[in-house]
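Reader: I am new to this structure and would like to talk it through. Could you show it to me?

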Amino acid sequence: MKDSSRPSTRPIVCRNRVKQRTDELASFRRAYEAYRQAIEDILRYGPVGVIEADFRAVRSKYRGEYEPVAEYLRSYTAVTGIEDFEALGNFGALRDTRLRDTAELMNVLYRTEQAITLYGQHLRELARAVG
């Protein structure tokens with residue numbers, strides 16, 4: 001029989017997990033914003049206006065920070081064949097022809113931004129619920 005006089009540690013565990021997920025999202029958000037800026041610079045100035053090494057560095061950071069939040073963010077994106085966040089991370093180089101499809105790329109950026117926002121709202125609601 002369970003001793004009901006002992007306080008449960010479940011709320012503390014929940015709070016810690018929500019805090020961890022919030023921190024992971026914040027780290028990813030920073031990497032996403034830097035990567036998005038690089039992509040927007042490519043769209044604005046072309047591949048010549050961005051240094052390949054800088055592009056690879058922000059893409060690598062984006063990919064690394066995406067891993068911890070991937071399973072959560074996937075549920076906030078529309079099913080379009082390939083998952084939007086992974087599609088963004090799969091550009092091979094500055095001269096990747098997919099970086100020239102401005103309309104589709106802007107749609108992907110919009111959908112990923114929406115997914116991050118919705119997941120962030122969800123985490124804030126969870127944080128309020130667990131105290």
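Author: The conversation below goes from the overall fold to single residues.

Author: This is a predicted model, in which local features need pLDDT of at least 70 and side-chain atom pairs count only at pLDDT 80 or more, while totals for chains, interfaces and linings use all residues. Residues are numbered from 1 along each chain as its sequence is written, and side-chain values use heavy atoms, with hydrogens and water left out.

Reader: How many helices and strands are there in the protein?

Author: The protein has five helices and zero strands; these are DSSP runs, with at least four residues of H or I for a helix and at least two of E for a strand, numbered from the N terminus.

Reader: And what percentage of the residues is buried?

Author: Of the 131 residues, 35% are buried. Buried means under 20% relative accessible area, with a 1.4 Å probe and protein chains only; exposed is over 50%, and partly exposed is in between.

Reader: Which residues touch the most other members of the largest nonpolar core?

Author: They are F28, Y32, L73, F85 and L88, in a core of 25 residues. Such a core is a set of buried Ala, Val, Leu, Ile, Met, Phe, Trp, Tyr and Cys residues joined through side-chain atoms within 4.5 Å. Two or more residues come from each of α1, α2 (52-66), α3 (70-73), α4 (84-89) and α5 (102-130).

Reader: What is F28 in contact with?

Author: Leaving aside neighbours within four places in sequence, the contacts of F28 include Y62, Y66, L73 and I116; contact means heavy atoms within 4.5 Å.

Reader: Changing topic, how many aromatic pairs are there?

Author: The count is twelve. Rings of Phe, Tyr and Trp (its six-membered ring) pair if their centres lie within 6.5 Å; planes under 30 degrees apart count as stacked, over 60 as edge-to-face and the rest as tilted. Y72 and Y119 are stacked, at 5.7 Å centre to centre with 5 degrees between the planes. Y72 lies in helix α3 and Y119 in helix α5, so their pair ties together parts that are 47 residues apart in sequence.

Reader: Are those two buried or exposed?

Author: Both Y72 and Y119 are buried.

Reader: Where does the charged end of R21 sit?

Author: It sits over the ring of Y72, 4.0 Å from the ring centre. The rule asks for NZ of Lys or CZ of Arg within 6 Å of the ring centre and within 35 degrees of the ring normal. R21 also touches Y119.
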